[in-house]
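Visitor: Hi, I have a structure open here and would like to talk it through. Could you walk me through what stands out?
Guide: Happy to, let's take a look together.

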Amino acid sequence: MSALQFPLPDALYGFETQQACEKYMKALLTILGVDYPYTHNLEKLQELLELEGEVLPTPAYEYRRLTPFAAQLRYTYGEPLSEADREAMVETARILGAYVVERILARERDGTAAKPDL
């Protein structure tokens, strides 16, 4: 049973999780000084990070399964998400977020963080 009294619909739950992962990945690419394409494809962003030597933690919920929530599944989702799926999604975003924050702080400490053009 969800901790929320009124749980989010599956499509919205997936969308928010996908967006969190996307923003974490793009933040790390930015601090690495990597230009990235306009994309919501988490696997593509992961590949760009790997080209820079970043090895992301293994997600509890695969990035390839999250990517469709960015657009196609935002409004409708075929199979209902199980409570285990929802927990895995949250764990994926939590672990990725912690990893990215640590990597950004490490690069700032050692002076290798890129200065983004704002």
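## Rings, charges and the core

Guide: A search of the whole structure turns up 0 aromatic pairs. Keep in mind that this is a predicted model.

Visitor: Let me step back a bit. How many helices and strands does the protein chain have?
Guide: There are 4 helices and 0 strands. Along the sequence the pattern reads α-α-α-α.

Visitor: And how much of the chain is buried?
Guide: Of its 118 residues, 40% count as buried.

Visitor: What about contacts across the sequence, how much comes from residues 24 or more positions apart?
Guide: Among contacts in the protein chain with a separation of 6 or more, such residues account for 66%.

Visitor: On to charges. How many salt bridges does the structure hold?
Guide: The structure has 8 salt bridges. One group to look at is a network of salt bridges that links Glu22, Lys23 and Lys26.

Visitor: Nice. What are the distances there, starting with Glu22 and Lys26?
Guide: The side chains of Glu22 and Lys26 meet at 2.7 Å, N to O. For Lys23 and Glu22, the closest N and O atoms are 3.5 Å apart.

Visitor: Where do Glu22 and Lys26 sit relative to each other in helix 1?
Guide: They are 4 residues apart in helix 1, which spans residues 10-31, so about one helical turn separates them.

Visitor: Are these residues buried or exposed?
Guide: Glu22 is buried, with a relative accessible area of 0%. Lys26 is buried too, whereas Lys23 is partly exposed at 44%.

Visitor: Why can side chains like that pair up at all?
Guide: In general, side chains of opposite charge can pair when their charged atoms come close.

Visitor: What does Glu54 pair with?
Guide: Glu54 meets Arg103 in a salt bridge, at 2.9 Å from N to O. That pair links distant parts of the chain, 49 residues apart: Glu54 is in the loop between helix 2 (42-51) and helix 3 (63-66), and Arg103 is in helix 4 (residues 83-110).

Visitor: How accessible are those two, Glu54 and Arg103?
Guide: Glu54 is buried, with a relative accessible area of 3%. Arg103 counts as partly exposed, at 25% relative accessibility.

Visitor: Switching to the nonpolar side. How many residues does the largest nonpolar core have?
Guide: The largest nonpolar core has 26 residues, and those with the most contacts inside it are Met25, Leu28 and Leu56. Helix 1, helix 2, helix 3 and helix 4 are the elements that give two or more residues to this core. Helix 4 gives the most, with 7 residues.

Visitor: What does Leu28 touch?
Guide: Not counting residues up to four places away in sequence, Leu28 touches Leu49, Glu54, Leu56, Tyr99, Val100, Arg103 and Ile104. Both partners of the Glu54 and Arg103 salt bridge are on that list.

Visitor: Which residues of helix 2 are buried?
Guide: They are Leu42, Leu45, Gln46, Leu48 and Leu49. These residues cover an arc of only 160° around the axis, so they lie on the same side of helix 2. They pack against helix 1 and helix 3.

Key: Residues are numbered from 1 along each chain as its sequence is written. This is a predicted model: local features need pLDDT of at least 70, side-chain atom pairs count only at pLDDT 80 or more; totals for chains, interfaces and linings use all residues. Side-chain values use heavy atoms; hydrogens and water are left out. A salt bridge is a side-chain nitrogen of Lys or Arg within 4 Å of a carboxyl oxygen of Asp or Glu. Buried means under 20% relative accessible area, exposed over 50%, partly exposed in between (1.4 Å probe, protein chains only). Rings of Phe, Tyr and Trp (its six-membered ring) pair if their centres lie within 6.5 Å; planes under 30 degrees apart count as stacked, over 60 as edge-to-face and the rest as tilted. A nonpolar core is a set of buried Ala, Val, Leu, Ile, Met, Phe, Trp, Tyr and Cys residues joined through side-chain atoms within 4.5 Å. Contact means heavy atoms within 4.5 Å. The arc is that of the directions from the helix axis to the C-beta atoms.
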